[in-house]
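Here's a quick briefing on a protein model, with a look at one of its pockets and then at some of its charged pairs. Have the structure open as you read.

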Amino acid sequence: MLEKAAYLRLPEARRQEIIEKSMDLYLEYPYKEVTIRRIVERLQINMNTFYRYFASKDDLYLYLYDAIEGKAEQRLLPDEFFIRLQDAGGVWTERENRFLLTFLELPDEVIHRVYFDPNLNISGHIRQFYRERLEEKRQKGLLREDVDMDLATYLYLTANYNLLQYARTYHLSLEEFMEKKEYLYYSLFEHGVSNK
């Protein structure tokens, strides 16, 4: 859990204020320039209070990210998963879309947590999503019978993580990143790399 019990005891209006003001900071400054000092000044709290709510600025960011991603859990169709940053069908506001794009600025260790930290909701959601898509393929007879579902799920997950690293290394635009993602999932995974 990213948020601490003290944060959860706050009135809903105050929690929403913290979400909005914190999101503004992450939109105004590059991730590395968002400091605890800036956060506490914006929220008009002291550092001790901040640490009663969150363990770090990373946890605060991931809490916001998870909350925004969570809005899409029940509203997007499976086929929309790979295009939702471009056209989320009204699931997210323009501001939330911009916040989600700040993900590309995160340090490697924070991105790694998103995909592989078993204590984060988003990690579990991503793994569950891939597992469900593979199960749908199996039920439709589109998956080989000998496919190890746990291994295949893990490969999808790690491929997504590595694709993000690739995009960062080669400075891909969002459009280029989405094209590579579509290629990875709908071409490479479906048909492999061999022409035999």
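In this predicted model, the second largest pocket holds about 360 Å³ of space. It has 13 lining residues, and the closest to its centre are Leu-143, Val-147, Ala-152, Tyr-156 and Phe-189.

**Around the pocket**
- Helix 8 (121–139), helix 9 (149–169) and helix 10 (174–191) each put at least two residues into the lining of the second largest pocket.

**Salt bridges in helix 2**
- The whole structure has twelve salt bridges.
- One of them pairs Glu-12 with Arg-15, whose closest N and O atoms are 2.5 Å apart.
- These two sit three residues apart in helix 2 (residues 12–28), so about one helical turn separates them.
- Glu-12 is partly exposed, at 47% relative accessible area, while Arg-15 counts as buried at 17%.
- Glu-17 and Lys-21 also form a salt bridge, at 2.9 Å from N to O, and they are four residues apart in helix 2, again about one helical turn.

**A link between helices**
- Asp-108 and Arg-168 join their side chains in a salt bridge (2.9 Å, N to O).
- Asp-108 belongs to helix 7 (residues 108–116) and Arg-168 to helix 9, so this pair ties together parts 60 residues apart in sequence.
- Asp-108 is partly exposed at 39% relative accessible area, and Arg-168 is partly exposed at 22%.

How values were computed:
Residues are numbered from 1 along each chain as its sequence is written. This is a predicted model: local features need pLDDT of at least 70, side-chain atom pairs count only at pLDDT 80 or more; totals for chains, interfaces and linings use all residues. Side-chain values use heavy atoms; hydrogens and water are left out. On a 1 Å grid over the protein atoms alone, a cavity is a set of points where a 1.4 Å probe fits but cannot get out, and a pocket is an open set with protein on both sides within 12 Å along at least five of seven lines; lining residues have an atom within 4 Å of a point. Grid points are joined across faces, edges and corners, and a volume is the space filled by probe spheres set on the points. A salt bridge is a side-chain nitrogen of Lys or Arg within 4 Å of a carboxyl oxygen of Asp or Glu. Buried means under 20% relative accessible area, exposed over 50%, partly exposed in between (1.4 Å probe, protein chains only).
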